[in-house]
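My notes are below the display.

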Amino acid sequence: MSTRTEPVSGVAAVPLDLRSVRADFPILNRLVHDRPLVYLDNAASSQKPQAVIDAERAVYESYYANIHRGVHQLSMQSTDAYEAARAKVKRFIGAASTREVIFTRGTTEGINLVASSYGRRHVAAGDEVLITGLEHHSNIVPWQMLCDEKGASLKVAPIGEDGAVSMDEFERLLGPKTRIVAVSHVSNALGSINPVRRMTELAHAAGAVVVIDGAQAVPHMKIDVAALGCDFYAFSSHKLYGPTGVGVLYGRQALLEEMPPYQGGGDMILSVTFEKTTYNELPYKFEAGTPNIAGGIAFGAALDYVSGIGLERIAAHEHDLLVYATERLSAVPGLRLVGTASEKAAVLSFVLEGIHPHDIGTVLDYEGVAIRTGHHCAQPVMDRFCIPATARASFAVYNTREEVDVLVDGLARVRELFA
Amino acid sequence: MSSSLRELYQEVILDHSKKPRNFGSLPEATRQADGYNPLCGDRATVFVRLDGDTVADVKFQGAGCSISTASASMMTESIKGRSRAEAEALFERFHKLVTRDSAAAEQAVDPALGKLAVFSGVWEFPVRVKCASLAWHTLKAALDGDDRPVSTEVSESSSGDAGGHAR
């Protein structure tokens, strides 16, 4: 197995030890239809390293209890571990304080929290919310709901033929009525990387707050929310080698302080009488109810795992896979890549002439290759390219060039069958 | 190729998906309905010309995977000239075929299905059941004179495949 990677920009001088990384993911040993698993559906969700599986198991085997309330040993231990995970998140994304790190169920809940709490307070009739043409449904629908409720309008900065957002249109659509700009950092359907730092500068100059959907970015590049300057940044654990049901909303403290709670319940209060409730401090004000305790703790283990390898090294490896896969897929007769932006993450969406993506997915499955087929919860992106669906291969730290070869060989089988 | 895959993609299915029969619009249609499978983006429009109670002519249009295209194509062939009741009974038999379980798969295929027996491999691919049944659900809506679009994702049953009406 090759462990060679070409450093992209001087970073990652010591390449990834791919053999050792793969050994960390027990699921990679299994067979699918009697073939070795080639898991290329990482943009949907990534597989979990042993360290994450062990961490979640350890919680339940040795110290599980509810957090933030018990005076007993187990509760204190669980609370410490959960809060330690929050501190890891803070360091991982460069937040100023753990008060700015709100645990959620995932990216979708983070975006809904902002739309519901900040949006309802600050968006009024006649105002505008600006998104882009490459958003996932989770960064479209919450804003549509808000705009419908308030009589505001949703503006969309379109994408070009290559799948990159037109910055001219983005600037043109930003105006004095724009209250919120909500953009994805990396497109899940196409892999395009949005220039979010520039977008944030422009949005701030126009007086809007910026919400970034970072679900597809966080696993693949170093994120520094302070350097980005954004107001909110939402992402999920499960795409970052952690458990499902856990996510993070980063928010600037000054904004979070003045925002009303998102949900009411336990843990988000300081005191409750039937007359009046005093809300808890940040970040607990936004964390009603018992959270996914073991999941949050195991997410901390996932962050340790990723930091241990180094995101620069992961990015260099994935870039090598992107370049190699782009070259190999481009040579497949009848294949058209959808999304060819110059700035791209390791996501390849494609169509094969005359063959429906669903059929591609079924045949590849029998070669052991797991890809995603469909509209990727981004129907407007599909409409933009006048296609009902694509096949999508998306890469993670444990993927190899040899797996790209298996994918390409599989596509030859698909063409044999349907051509 | 694996035997399950060969069962799914039988020659007849591949032939119908590459050269669908009765494909196109039917200007003299007396009934028509649209069907949509939001999971894969498949769309089908079924046109029916009823002569009294008989399906005198039927055509379809749309875009979908090989299974949904072949199913629509073979459906039109098998219901042309039949009565409404016969067409609906055939749908029931077809539905039973593509949603059977492994125990039922041991049994011989219902002979009344005729050529439609080539869909006997679909049950092993639960996510493809909707592909195979989209055209049939759409046909039923057309015969019922129901012009609301049919969606495979608004389901009244827990089987997860029954067509419902998009609202």
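Entry 1, ground rules. I am working with a predicted model, in which local features need pLDDT of at least 70, side-chain atom pairs count only at pLDDT 80 or more, and totals for chains, interfaces and linings use all residues. Residues are numbered from 1 along each chain as its sequence is written, while chains are lettered from A and ligands numbered from 1 in the order in which they are written.

Entry 2, confidence. I looked up pLDDT (the predictor's confidence in each residue, from 0 to 100). Chain A has a mean of 95, with 97% of its residues at 70 or more. Over residues 1-10 of chain A the pLDDT stays under 50. For that stretch I noted 24 contacts beyond four places in sequence, a contact being two residues whose C-beta atoms, placed from the backbone, lie within 7 Å.

Strands (E, at least two residues) and helices (H or I, at least four) are DSSP runs numbered from the N terminus, and two strands pair if DSSP finds at least two bridges between them. I found β1 (residues 31-37) and β2 (residues 42-51) of chain B antiparallel, joined by seven bridges. Ala33(B) has Val46(B) in β2(B) as its bridge partner. Four residues separate these strands in a hairpin, and Gly41(B) in the turn has a positive phi of about 80 degrees.

β2(B) is also joined to β3 (residues 54-63) of chain B, antiparallel, by nine bridges. Here Val48(B) is partnered by Val58(B) in β3(B). This hairpin has two residues between its strands, with Gly52(B) in the turn at a positive phi of about 65 degrees.

Entry 4, chain A sheet. I traced an open sheet of four strands in the order β13-β14-β17-β16 of chain A, with antiparallel pairing. Its edge strands, β13 (335-338) and β16 (372-374) of chain A, each pair on one side only. The twist averages 30 degrees from one strand to the next; axes are lines fitted to C-alpha atoms, for helices over the stretch in contact, and angles run from 0 to 180 degrees between N-to-C directions. Helix α12 (residues 357-365) of chain A packs on the sheet, touching β14, β16 and β17 (390-394) of chain A. The direction of α12 makes about 155 degrees with that of β16(A).

Chain B gives 14 residues and chain A gives 14 residues.
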